[in-house]
Amino acid sequence: MSTNGLHPDPAREDASLTHLERLEAESIQIMREVVAEAENPVMLYSIGKDSSAMLHLALKAFYPAKPPFPLLHVDTTWKFRDMYAFRDETAARLGIDLLVHTNQEGLAAGVSPITHGSAVHTDVMKTEALRQALDKHRFDVAFGGARRDEEASRAKERVFSFRSSTHRWDPKNQRPELWRLYNTRKSPGESIRVFPLSNWTELDVWQYIYMEQIPIVPLYLARERPVVERDGTLIMVDDDRLPLAEGETPQMRTVRFRTLGCYPLSGAIESDAATLPAIIREMFLARTSERQGRLIDHDQSGSMERKKQEGYF
Amino acid sequence: MAGTDSASSLEEIEAYLAAQRDKRLLRFITCGSVDDGKSTLIGRLLYESKLVFDDHLAALERDSARFGTQQGDLDFALLLDGLIAEREQGITIDVAYRFFASEERKYIVADTPGHEQYTRNMVTGASTADAAVVLVDARSGVLTQTRRHTYLLSLIGVPHVAVAVNKMDLVDYGQERFRSIEADCLALAATIGIEGVTVIPLSALRGDNILERSAAMDWYDGPTLMGYLETVPLDEDRLTGRPFRMPVQWINRPDLDFRGVAGTIAAGTIRPGDRVVVQPSGHQSAVERIVTYDGDLRQAVTGQSVTLTLADDLDVSRGDVLSAVSAPAEVAGQFDATVVWMSEAPLIAERRYLFKIGTRTVPGTVTRIKFALNVNTMEHVAATKLDLNGIGSCNVAFEEPLPFDRYRDNRDTGGFIIIDRLTNATVGAGMLQYALRRAHNIHHQHLDVDKLARAAAIGQKPCVIWFTGLSGAGKSTIANLLELRLHRLGCKTYLLDGDNIREGLNRDLGFTETDRVENVRRIAEVARLMVDAGLIVLVSLISPFRSERDSARGLFEPGEFAEIYVNAPLAVAEERDPKGLYAKARRGELRGFTGIDSPYEAPVDAEVEVDTSSCEIEAAVDAVLARLRELGMLI
Ligand SMILES: Nc1nc2c(ncn2[C@@H]2O[C@H](COP(=O)(O)OP(=O)(O)O)[C@@H](O)[C@H]2O)c(=O)[nH]1
């Protein structure tokens, strides 16, 4: 199969849109609507594959102009080194403004996934940090790469999700979304999270990345990496901040990541899928769904919804 | 499991991906009453399409033990329920979107609850649907809720409806039970005016007629549910055949040399060189380029998000609509619209709201609530306000005229949301039916002697009695006899007969759709003048299109207009063929003949319906008279 994009022949006569073309058109329409109506939008950029797809869609939506908003990376300082390299390379290559925000108070207090555990770390370094960044720059709309198929509680999430001035999400107070009509009006202080990929599935995203040849962080592809095994989860030893237990030595194993976050919280899977088709193939055979590698979701079902109410993305 | 990158399996996956690329997307909505098995059905579809990963299944087994209603068995419904509060109440209360795929297509399902107070959710879910699946429990058959759901679907204009008669396992897969429900469904569809309803017997729990044909129901030869979903037409394809429309979303101006008009195509196709008109300003130009990140296109179609450059430097801005020059959108400021209210605070006539239609937001008011609809009985009820989940037929006035299409022609250029100016909440949604031509900005000559005065002088209550039906149905015969009766009672009457008027006032009109519309419009306007003059006007006119009859009705006060549906089956009318026209049409000598090669849209809310195949003319006239008296239109 050729991989020269979604639109194999721009000059084709065929009149009907495929499902990916329809999803793409919808995402573009959503992004343009925000740019036409928001005062100060920003795109949350998490460096993951969904962010890569979302950024690619933004390039398309505003072409030949550049996306008329900056990228914002909420940095916990615990991302994989490959992610930082990829982030900086991407911003430079595309010539897009990249803002990086870290919760300095949290940093000063020494909050880390190692010492404080995933719940506190996420709350302080992600949830709180995101609020700080949005308030500091007075962003009124933030694009996020969440999808409805990720988790049951997200199936009901709106494309335009309203947050109070304290960034809280009130499930009772969301607006009905009919047709392609989005009501973007809000009171001062309120903000909107907008999810242009709402209707994409994980497979759609991978397929789109494959066909459009969108760059992704190499961590998604299998390679030998140093890992330790803890409670059945493989944690990559990405730098020397990860304390090793007595007798614990990193082993080189061929692994890859299905989702990327803070490295001490991201479980690797053993795999030798080193190409996109191989990843997609593995997805079909998957024994674990996407978020299982993300330790923060593990607590109990329903936890994601609680996180959302508190303002975690 | 670790993949083995053997060449053959990779080839396989690439072939698979190539096949995926060409799949199309169908959006549909499911509706049903609580416990009809909707969640089970969707869970089953997801499960069967193997998108349920193992660990979701593990969580499901855990949850089934805690909340499940299926003692031990897998409870598919639990795959779906998301919000904690809902789980605890044991009901689903919002619109959720689910995803799955089949060999042919990808699907997005809007899952909406059946509870009465959630009309709003159903309308939301249906607004983007190409098709709908209505669940019916085989044990209980068609219920009030089924009627409501089907009615709402017709209101939102979901073009294709499948009724899934679920739990067939609990009625021993009985054919008789199914046939009787099927007959009820088809009757319901006919009353509501939905075409294309498919009724499918199935068991969501056991998987009968979902993907595989059911061995237990070998008497059924229609499609399985999946077979239906794989072949039902996409709305996009219908829209692609309509005249070009693109609401202007954003002006792309990276530098002084480039000015692009960005938007999503709402109907039709566009190519470089095509002439477009900017509406409402009316300036024309030609499309120069269709610019995309992937290179210029030779053609773009409905649903695509593109950036167009125009040959001329025109003033185009967000909120305008680019339309085909040959068939531009109508521009108007006042409309007949159906409004669905979605807020706790009621809709009040004459209060100012914001209306967002396409990419334009304008202030406006609902000037009049003509009546509210009872969605359970489909009756019209008098109303001065609309409460949460209320549906009303309204006149709306926008403070500036804008280009639009009738909702049933195009959801994107005919659907709007209503925004509260203080809370910014989305409080309602609406569908434009037609423009009201009583333009208030044209200075109306004030006359001292008015309708009331003229009516009083004549001593009667003027009105219009509008007969519609197929040629040969008996309209003129009944109208004629009715006029004679009224005349004998001393009423001042006039009969406007379609055929006679075509010899004079309308002799310039033919039988194309446009001419038919104009024919009806003129006759309606003449009837209006006559009512203004104080007469009782009888109109005998095929008037095949619902919307024109509705426009005609819109010219009159409530209680002034009665629609009489003279119903005779086509076969009966054709056999009568008083003017030999059917024979001609059948021979192909007459084009655009209603019933033969031009459609007749039966009324859905006629004041009176008479079936002339089953009753005598005298009896029909009696029935009409009696009903008009009952309505207080005739004394
Ligand atoms: N016997 C039988 N039971 C069913 C079938 N479909 C659903 N049910 C049961 O009916 C009950 C209600 O189903 P559920 O899917 O929760 O209904 P919902 O309220 O419409 O979502 C549950 O106990 C289901 O297991 C079916 O085809 N056959």
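Me: Which residues is Phe28(B) in contact with, once its neighbours within four places in sequence are left aside?

Reply: A contact here means heavy atoms within 4.5 Å. In this predicted model, Phe28(B) touches Leu45(B), Phe100(B), Tyr107(B), Ile108(B), Val109(B), Ala110(B), Ala129(B), Ala131(B), Ala132(B), Val133(B) and Leu229(B).

Me: And which residues have the most contacts inside the largest nonpolar core?

Reply: Phe28(B) again, together with Leu153(B); that core has 153 residues. Helix H2 of chain A, residues 49–62, gives the most to this core, with eight residues. A second, separate core of 32 residues includes Leu482(B), Val610(B), Leu628(B) and Leu634(B).

Me: Let me try a loop residue. Where does Thr112(B) lie, between which strand and which helix?

Reply: Look between strand E3 (105–111) and helix H5 (119–126) of chain B.

Me: Is Thr112(B) buried or exposed?

Reply: Buried means under 20% relative accessible area. Thr112(B) has a relative accessible area of 1%, so it counts as buried. Beyond its neighbours within four places in sequence, its contacts include Ile29(B), Thr30(B), Cys31(B), Lys38(B) and Asp94(B). Asn121(B) and Met122(B) are also among them.

Me: How many residues separate Thr112(B) and Tyr97(B) in sequence?

Reply: They are 15 residues apart in sequence, and 9.0 Å apart in space, C-alpha to C-alpha.

Me: Now chain A: how many helices and strands does its secondary structure come to?

Reply: Eight helices and 10 strands. Of its 313 residues, 64% count as buried. Chain A exposes about 11300 Å², with carbon and sulfur atoms supplying 49% of that area. Among contacts between residues at least 6 apart in sequence in chain A, 72% join residues at least 24 apart.

Notes:
Residues are numbered from 1 along each chain as its sequence is written. Chains are lettered from A and ligands numbered from 1 in the order in which they are written. This is a predicted model: local features need pLDDT of at least 70, side-chain atom pairs count only at pLDDT 80 or more; totals for chains, interfaces and linings use all residues. Side-chain values use heavy atoms; hydrogens and water are left out. Helices (H or I, at least four residues) and strands (E, at least two) are DSSP runs, numbered from the N terminus. Buried means under 20% relative accessible area, exposed over 50%, partly exposed in between (1.4 Å probe, protein chains only). Accessible areas come from the Shrake-Rupley method with a 1.4 Å probe; for residues, only the protein chains shown count as cover. A nonpolar core is a set of buried Ala, Val, Leu, Ile, Met, Phe, Trp, Tyr and Cys residues joined through side-chain atoms within 4.5 Å.
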